[in-house]
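Here's a quick tour of a protein model for someone just starting out. Take a look at the picture first, then read on.

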Number of protein chains: 2
Amino acid sequence: MRFLSEEDSAALITEELAYNAVRTALIAAVADTSTTFPALPAHASQPHNRFTVKSAAATDVAGVKIGSYWPNNTTTPRHNSTILLLDQETGKIAAVVEAATVNAYRTAAADAVAADTLANPDATTLTIFGTGHQAYYECTALARIRTLTTIHVVARTPEHGRTLVDRLHEAGLPATLTEPEQAVGAADIIVTATTARTPLFDAEWVTRGTHVASMGSDAKGKQELPPALLDDAALFCDLPPQSRTIGEFQHTTTQHRITALGNVLTGTAPGRRDEDSITIFDSSGIALQDLYTATALLAEQ
Amino acid sequence: MRFLSEEDSAALITEELAYNAVRTALIAAVADTSTTFPALPAHASQPHNRFTVKSAAATDVAGVKIGSYWPNNTTTPRHNSTILLLDQETGKIAAVVEAATVNAYRTAAADAVAADTLANPDATTLTIFGTGHQAYYECTALARIRTLTTIHVVARTPEHGRTLVDRLHEAGLPATLTEPEQAVGAADIIVTATTARTPLFDAEWVTRGTHVASMGSDAKGKQELPPALLDDAALFCDLPPQSRTIGEFQHTTTQHRITALGNVLTGTAPGRRDEDSITIFDSSGIALQDLYTATALLAEQ
């Protein structure tokens, strides 16, 4: 069995590797030969310490990702992630990859692939809701696919917002702490990376042509976007059945048409209709992203 | 992260360790503080290569077991098993234990704990249906808890039956190849360890006082026992909801009363009523067995 420790995988991961692996995964997810099994929510001895088991198989990979969330961790990360690849010849576990840092890259990469496909080419202003671990990675991944001249950080706790702004400045990115209505109105791209259970902003604040990505909704009861926005936008996601179950699109009805991003990437479904459309991408996260990322990391080692 | 390879875990496992760990697990399974999450059936790139993900948490363990079945393996084992223990402090994976051989011991240990609890104390004659990998371990585990004077091996393929008989002889056990009706009629304990999807014998062949264990039913559609026997017997299993879903007791109705073995072990439910009762134990296998076995192996290392 091969093993990549957290240190190993964190040293190998790059935004480019994650982008390419996740793009491959999103395309594989819509193939008839792929199966994404239902995400299994579980918990540890203390029920507030939760983990999710996600499994999938495509033509060339199969395995399991265990993502954990220990909300009370202070000295160690709250999120952890471990990826297991099956040896297709024997059925044994071929590789175990510790992937906490990798997970931040792979999640942000889905955002980047979606925005690269769906946002207007001349998008320059990003608004980010959330100041947690993931928010920073979302900004840097998007800065790689669009020339960002402004990043508006919307923070529930201003102190946390200022910390994120400082980190983005250190990375050479033009960030500022902004109030929600102004930040939404100015945005070409809005990303929500929160644990919210109620909408973060008003639908009417959003201007035509904006691309919106909900990155934080990955469990029943979570909600980041105003429902009225869903009626007025073209809806895209990683995996429609999962998005309707645990993603942002659990708040849609059967009337809403949802397109898998993989079908846009392969040209079998339309993406953005025109520059005035509002597009929404919901990322609840699928195991194939992890399996292809782990495979790419192992190939680099 | 700690890692026990297949060689490590196979060198450490003993029938006694497995018996004690599985007994602890069966008791923990009925505690209010334990949760066994739904077993998730999945498959690899080739859909005939299947794996099941089982997860659980009790007061002192939490984790995941991945059991795989590659039916066409010839030079490597068809069954493989990997156990992952969560670090309760951090949410990271604390240990990975390769457990193919261990799995055979832990499955047979459930049979042994159940038979020790439910079979008549003077049981001496064992009948085993099945000649696969697991059958041998079932026999040796039962020989540890009852003085077996005869083991009747019932084989669909006589050649495979003779191989098992030879292996049991080598282990010092008195085995013989026997026809089904005669073997069932002579048995004090019947164990079925097959992949059957239809009953293996007639209910009327079973004599009063027999203890029956279905070890092979662990997926929808599997069936080893004649339905009429279920009506006439006291029914026990590792975990009733799972047994009704994927175990032998998927063939019961709501009329059938099923007792978790853990409640018998703790004295909160009755076991065998009298020496003439027929008792049935259904083992579909629960993650807590794996988690406690892995914990015990790590403590030995």
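How many residue pairs are in polar contact across the interface of chain B and chain A? The rule finds 18 of them, with both residues at pLDDT 80 or more; a polar contact here is a pair of N or O atoms within 3.5 Å, where, within protein, one must be able to donate a hydrogen and the other to accept it, and residues adjacent in sequence count only if both atoms are side-chain atoms.

Keep in mind that this is a predicted model: local features need pLDDT of at least 70, side-chain atom pairs count only at pLDDT 80 or more, and totals for chains, interfaces and linings use all residues. Residues are numbered from 1 along each chain as its sequence is written, chains are lettered from A and ligands numbered from 1 in the order in which they are written, and side-chain values use heavy atoms, with hydrogens and water left out.

**Where the chains meet**

- On chain B, β3 (40-43), β4 (50-57), β5 (62-69), β6 (79-86) and β7 (93-98) each supply at least two residues of the side that touches chain A; helices (H or I, at least four residues) and strands (E, at least two) are DSSP runs, numbered from the N terminus.
- The most comes from β5(B), with 5 residues.
- That side of chain B divides into 22 nonpolar, 16 polar and 6 charged residues. Ala, Val, Leu, Ile, Met, Phe, Trp, Tyr, Cys and Pro count as nonpolar, Asp, Glu, Lys and Arg as charged, and the others, Gly among them, as polar.
- In contact terms (heavy atoms within 4.5 Å), 44 residues of chain B meet 44 residues of chain A.
- Together the two chains bury about 3,200 Å², 64% of it on carbon and sulfur atoms; that is accessible area (1.4 Å probe) lost when two parts are put together, summed over both.

**Salt bridges**

- Over all chains the count comes to 14 salt bridges, each a side-chain nitrogen of Lys or Arg within 4 Å of a carboxyl oxygen of Asp or Glu.
- The interface has 2 of them. One of these joins Glu98(A) and Lys92(B) at 3.9 Å, N to O.
- That pair runs from strand β7 of chain A to the loop between β6 and β7 of chain B.
- Glu98(A) is buried at 6% relative accessibility, whereas Lys92(B) is partly exposed at 28%. Buried means under 20% relative accessible area, exposed over 50%, and partly exposed in between (1.4 Å probe, protein chains only).
- Inside chain A, Asp290(A) and Lys65(A) form a salt bridge at 2.9 Å, N to O.
- Asp290(A) sits in helix α10 (residues 287-300) and Lys65(A) in strand β5, 225 residues apart.
- Asp290(A) is buried at 1%, and Lys65(A) is buried at 6%.
- Lys65(A), Arg106(A) and Asp290(A) are linked in a network of salt bridges.

- Chain A has 10 helices and 15 strands, and 58% of its 301 residues count as buried.
- Helix α4 (residues 133-145) of chain A is mostly covered, with 10 of its 13 residues buried.
- Those buried residues pack against several elements of chain A, including α2 (15-29), α3 (100-118) and β8 (125-129).

**A glycine in chain B**

- Gly209(B) lies in the loop between β11 (189-192) and β12 (211-214) of chain B, and Gly209(B) is buried at 8% relative accessible area.
- Ser277(B) is 68 residues away along the chain, but the C-alpha atoms of Gly209(B) and Ser277(B) are separated by 4.8 Å.
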